[in-house]
Amino acid sequence: MSVDSDYMYEALTRWNYFPNQKSKSEELPSIFSTRQFTPHVAKRLVAEALRQGGYDQIEYYATRYNNVSRPLAIPHPMPYAHLVNCICDNWNELKYICDNENSLIKPEVHADMRALVMDYEEPLEKTNRSLTIGFGKKFRAHTDISNCFPSIYTHAIPWATVGFSYAKSHAPHKNPAHKALWFNRLDYHQRMIKRNETQGVAIGPGTSNVVSEAILAKIDENLSSKYTYYRYIDDFTCYCEEYEESQDFFRDLNDELRKYKLTLNLKKTEIVELPAPIDSDWVVELSTRMPAGTPNDPPKTGKHYGASEALRYIDFAVQLKKKTPDGSVLKFAVKNIIYRLDEYAVQPVFEYLLNISRFYPLLLPLLNHLVELKKIDCTPYARNLNEILIENAINRRSDGMCWALYYLVENDLVICYDAVEKVLETRDCMAILMLYQVGVFEGETKQFVDNLDSSDLYELDQYWVLLYQLFFDGIIANPFVGENCFDILKDEDVSFIPISGHHTKSEIDLIGKMFVNLDEEAEVKGD
């Protein structure tokens, strides 16, 4: 199955809209979903005119390995629908990004219908690729783009897609009729996502990856004939025969980036003489310290780790983390073992990880696998989860709050009022929406919403999904007076916290269309 415009339309609306970049849901709890935001719904929104001045977006702060939060974005559905429509209407002009051999992350067909999944390579795959393209080379040069997505200049989109000369000679300021040209409309719709600003694209939605690939693929096109390298999003690794060639690569790459108003990240620019480990020292050390596994492992099912060896391994990772603050040590270590625990190890490993999640909230999503694996009763851990919730509220970590609330809500545990007040003080949209889902804090949520400045559309945009769910549930009127977006979404029965097993009419139509297409393919093969 090829990545055609129909596939991209469904992927970008239903599956790559909210931050959902990893193979397993880690950014947002699975309670949130855009599966009901179908292409049909998006096209109804596209029929509506956009607001002058653009829209704002929800900011969702995700915790990184160093406990520093990175702002992800959830765009308002109106400009997002227009942007997706523009991308897919002009997919023939953009699909060159799918054929870029230098890029490791580009639109592809995935089993879950996403077009973009940003997981790192499996170790063996990474090793094989590095050995193949690095054979006979003496140096490895590595660098990335400084603050890539927030630095993207939207006018650079036309420069990349149709060339500098043509784009500049057909700029809208030179002739108003040029606004209708596809590349200028793509620039315009990207700007509408964030207040008509020309600087930066949102981190999170799949549209931003399409836009960034459209630019970076042109850089790859100019460099790939001269250098042997691969790129993971904005992260470049080049294999060179001479040290001077590595320096030339950095120089040429920097020159290409500057054409699009991007710059190299000097702090992450290095040249390593080969042979050298393919992975970082901490990755090698963690991999060599993997537990041996229990002696009664069933054949062909892999190793299963007992509680004592699993806990010792995590202990070692905690110690290594303190020595290696600039690496995702704990997350890597925990992912190494949690999918291969024996049944008696699940509970003690859960308790250990819950304890250290207070200090490292990026581990909270990984607990979900253990909870589901053994149906762990979280009742004894209500106090721990409340304390984790308060800690993350104090530090304004959206993901830490949402995941703590998710475990509390899913297990019908009491949320202490001190935690409720702390969450409300953060003014964090997604965390407050999680509070609302509890069912007993409707009054507090309604009061928070009533205190928003109804005349400031940008402020309302920053809480659009919270406002929409209250509108969807009949608690408030449409706060965007004179705008039909919410009315259309509700008319289509769209919820961004959908009930499990419930499908809207447009979802059912898509499912029916999928089966028709499969039958047609089977008939063709039968012929």
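## A salt bridge between domains

Arg358 forms a salt bridge with Glu391. Their closest N and O atoms are 3.8 Å apart. That falls inside the 4 Å cut-off for a salt bridge. The model is predicted. Across the interface of domain 1 and domain 2, the rule finds two salt bridges. Six residue pairs are in polar contact there.

Helix H15 (346–357) and helix H16 (364–374) are the elements that give two or more residues to the side of domain 1 that touches domain 2.

## The two domains

The domain assignment gives domain 1 as 281–376 and domain 2 as 378–441. Their centres, taken over C-alpha atoms, are separated by 25 Å. At the interface, 13 residues of domain 1 are in contact with 14 residues of domain 2.

The area buried between the two domains is about 1,200 Å². Carbon and sulfur atoms give 64% of that area. On the domain 1 side, Leu354, Arg358 and Leu364 supply 47% of the area buried against domain 2, more than any other three residues.

## A four-stranded sheet

An open sheet has four strands in the order E4-E5-E3-E6, with antiparallel pairing. Strand E4 (228–232) and strand E6 (270–273) each have a single partner strand, so one side of each is left without a neighbour in the sheet. On average, neighbouring strands are turned by 20° against each other, direction ignored.

Strand E3 (residues 139–144) is joined to E6 by four bridges. Arg140 has Val272 in E6 as its bridge partner.

## Helices on the sheet

Helix H10 (residues 206–223) packs on the sheet and touches E4 and strand E5 (235–240). The direction of H10 makes about 175° with that of E4. Helix H11 (residues 243–259) lies across E3, E4, E5 and E6. H11 runs at about 20° to E3.

Notes. Residues are numbered from 1 along each chain as its sequence is written. This is a predicted model: local features need pLDDT of at least 70, side-chain atom pairs count only at pLDDT 80 or more; totals for chains, interfaces and linings use all residues. Side-chain values use heavy atoms; hydrogens and water are left out. Two strands pair if DSSP finds at least two bridges between them. Axes are lines fitted to C-alpha atoms, for helices over the stretch in contact, and angles run from 0 to 180 degrees between N-to-C directions. Contact means heavy atoms within 4.5 Å. Domain bounds come from an automatic or database domain assignment. Buried area is the accessible area (1.4 Å probe) that two parts lose on being put together, summed over both. A salt bridge is a side-chain nitrogen of Lys or Arg within 4 Å of a carboxyl oxygen of Asp or Glu. A polar contact is a pair of N or O atoms within 3.5 Å; within protein, one must be able to donate a hydrogen and the other to accept it, and residues adjacent in sequence count only if both atoms are side-chain atoms.
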